[in-house]
Each structure stands twice: as structure tokens, then as C-alpha cells.
Amino acid sequence: MREVNAKKITEAIKKLCLEANYDLSEDVLEALNKALKQEESEIGRNILREIMKNAEIAKKKKLPLCQDTGLAIVFVEIGSEVRIIGGNLQEAVNEGISQGYKNLRKSVVSDPLKRVNTQDNTPAIIHTEIVPGEKIKIGLLPKGGGAENASELKMFLPTASKEEIMDFVVDLINRKGVNACPPLIVGVGMGGSFDSVGYLAKKALIRPMGKHHSRAEIADLEREMLKRINATGLGPMGLGGKITALAVHIEVAPCHIASLPVAVNLECHSHRYKETVL
Amino acid sequence: MKKIKTPLTDEMLKDLKAGDQVLITGCLIVARDAAHKRGIKIPLEGQILFYAGPTPQGSIGPTTASRLDPFTIPLLEKGLKGMIGKGPRNREVRDAIGKYKAVYFAATGGAAALLAQTVKKAKVVDYADLGPEAVLKIEVVDFPAIVAYDIHGGDLFEEGKKKYAT
């Protein structure tokens, strides 16, 4: 049994908070660059240039890419051969968030109705999975409120067609996509249950940009959905253009014979995901 | 790029059309959800409200403007002349923007490090206890924005979408 001190987890989380908020990943920059070449609207191209210039400044001056430094979504894959010593996972993660967010915006309230700021951006949303092995993989996704608010979940009839699901996604983009800061990354979860499909959609977001689903028919659906989303004409920041989304990522899971849950989790262009392995 | 200086006058607004890219210099009043709910007390005549909540290091960018729609019309009645945010407004606010002669500017969301470079001064003027949601006065030089709704009924969200939809 490998032992990992909880302090290591705290340190790793703190580091990820800063990396994610200051340093836009290469795959996102590449996708933006590609979008700039395809965008026909002059205003749209200017917005894309601003976004890329912003990433340059943020990295150089160590300034947050976006003022909404997000609710921290933490993905932890724990090897079954690992034992955490000197503390527990949840406390270690939240301590890392608290330290990492010292100079970032605190965007968490302790209660949905009383709405008192917790002052240190905790608690994080922590998703854990037990996997074989003796490593711990930690991923951090600071999730902005605008894009999260524009996300939806729908329980379809099991007999629903691909087209009906596609219509739901495109209609959502038309209704709410602008507020999610396009060009978007669209995470779609299909299958599972009411609770798990949201997680599936979120997991879809952290797939590296430019990668399609391993199953050809799902990959085709991703391409088709992206084409339809970009045909809406919303464009960068919704001010008109050809590039409304940079990518569509779909994840699927087995489900009940009576159900077909679909969740759409929207992500802004400021897609700040970083991971590390302990 | 058109250069404009705050405070805004009806005369200045006549020249602004949806789709114009502008650089704003002068004072902006920063406020978002919690401050609107409590009520914005500082005078807004001729002013521009910037819907934002900065980070402690000063990164600042627009938040979704439609969340502030329910609070906006009384502010326009009191002489508010400009708003900076992201995303479209509801029908009532759009109509009121025409009626009371004001402009709604869209700024690029998620470009907060870039926009921070235009901020020369910042001061909390109300509701300090709200932390990132406090009301601020900031001085900006050449803050980049795009006219989304003008006083002539122009609507860049609608026109832009129509132009590029296929």
C-alpha cells in the first residue's frame, strides 16, 4: 500500500488553482487560433484576438484570465493501492483551494438562500473515482457561473431520436448560449441516471480539445452537433459570427430501459482545466 | 474605433450605432447582483454602469447583463446613460434603453487580464462588505467595448446572428 501525505494533495491543488487561472492550456489556444482562421465576422475576429491577447497578458503578469475564477470542480482518481495519511481527502482538497484562491476571486456562498460568502472559495465540488493502481490523479476545473447557469438537463423518452437530442442542444445554445461566453465548449452527457448524467456532461468538458469520442458514431454526432451549433450565427460573444463553439464533447453511459437522460454543460472559451498525478 | 469619454450625453449617444467598436475613457461604476438587490445609491446621471466583480489582483470583465434586467429600468429613469455587460437584455430593458436614451455596450467576457490593463484607478464606494460584489468607481483609459443596443433601435445580437446564420 503506497502512502500519500494529505499535505501533498493540498500543495498540488494550490498549484493547480494558480496554473488553471493564469495559464490557458495549449489545446485551447490552438482551438482559438483555428477559430480565428475560420471566423468571417470582423467583430468576431477582434474578440478572438482579444481573448488570445488576454491569455498572453494573464500568463506574463500572473493575472486571472477571467474575473470569474470560478467554483472549483475537482476530479480525483484514487488508486486502490493508495492510502492517504496525515489528513483526509476532502479537507486536504479544500485547504488547497483556500490557499490557492488567496489572490483569486471568492465566488462561493455558504447557503443558496442566505448567500454569505465563505471568503476562501471553499467548498470545492469533489468527484472521486477509485481506480486500479497506486497513483492519485487530480484535475481542477474552475467553473464560471455564466456558463454553468446556461446548462440544462432533460429526461428524454427512451424512444427519442438523435435528431430530437440534437434539437434540444441547439435550442439551448440559441436560448442561453450567449450568456455562457462563446465560443463555447459544449459538454453533453447521454445515459446514466438523473444524477450521473450531469457528471458525465462535466467529464466531457475535460477531454483534451481536438479529440473526438473513441466510438465512430458518437464522434460523428459530435461533428454534426458542432456544425449545427455554428450554423446558429451567434458567433463570439453572441455578436454574430461563424464560430459559436470550439468543440462538442459527448460522453455516453448505459441507462434504464425507460430513460434517456441528457445533460448539456456549457463551458466558456476561458476553459481552465489543469491536472497532475501524485 | 470611436473614442468616447464619460459622462455620456444624449448628443454623444446619437453618433453611436450597434456594431460600433469603441474605446471608453473616464469613470465607470462597477456593480453586480448583490448591490443591485440592495439598491444602488450613488448618482447615476450620465454614468456608465459596468456589470462586473473584479478579482483581488484587479482582473475585471463583464458578467451576464440579463441578470440585472429586473433592476435596470428605475436606473434608466434616473438618468443612467450606459451599461457594459455581456449577453442580450430582455425586451423591457431594450425598449427602455430606447425610451430613456441610453446605450448598452458588450465587452468581451473572459478577457479580464486584458481589460484590467485599461483600469488606472479603482475605489470601493459602497457595500464594502459584499467583497467582490461591492460597488466601485474605476477610472479607465481606452476600455474596449462594442455598441450592442443603440438609441436608434439597433440590436447587434439580433443583426449579427441574422447575418451569419446558415
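The model is predicted, so local features need pLDDT of at least 70 and side-chain atom pairs count only at pLDDT 80 or more, while totals for chains, interfaces and linings use all residues. Residues are numbered from 1 along each chain as its sequence is written, and chains are lettered from A in the order in which they are written.

Chain A is divided into domain 1 (2–20 + 65–143) and domain 2 (146–271), with bounds that come from an automatic or database domain assignment. The C-alpha centres of these two domains of chain A lie 26 Å apart. In chain A, 9 residues of domain 1 are in contact with 7 residues of domain 2; contact means that the C-beta atoms, placed from the backbone, lie within 7 Å. Strand 5 of chain A gives the most to the domain 1 side, with 3 residues. Strands (E, at least two residues) and helices (H or I, at least four) are DSSP runs, numbered from the N terminus.

Helix 4 (residues 89–100) of chain A has 12 residues. Its expected span, 1.5 Å times one less than its number of residues, is 16 Å, and its end C-alpha atoms are 16 Å apart, which agrees. Its buried residues (20 or more other C-beta atoms within 10 Å of their own, placed from the backbone) include Val93(A) and Ile97(A). The buried residues of helix 4 pack against helix 1 (6–22), strand 2 (71–79) and strand 4 (125–131) of chain A.

Between chains, 42 residues of chain A are in contact with 40 residues of chain B. Helix 3 (residues 42–61) of chain A supplies the largest share of the chain A side, 10 residues.

Conventions: Two residues are in contact if their C-beta atoms, placed from the backbone, lie within 7 Å. A residue is buried if 20 or more other C-beta atoms lie within 10 Å of its own, exposed if 12 or fewer, and partly exposed in between; C-beta atoms are placed from the backbone.
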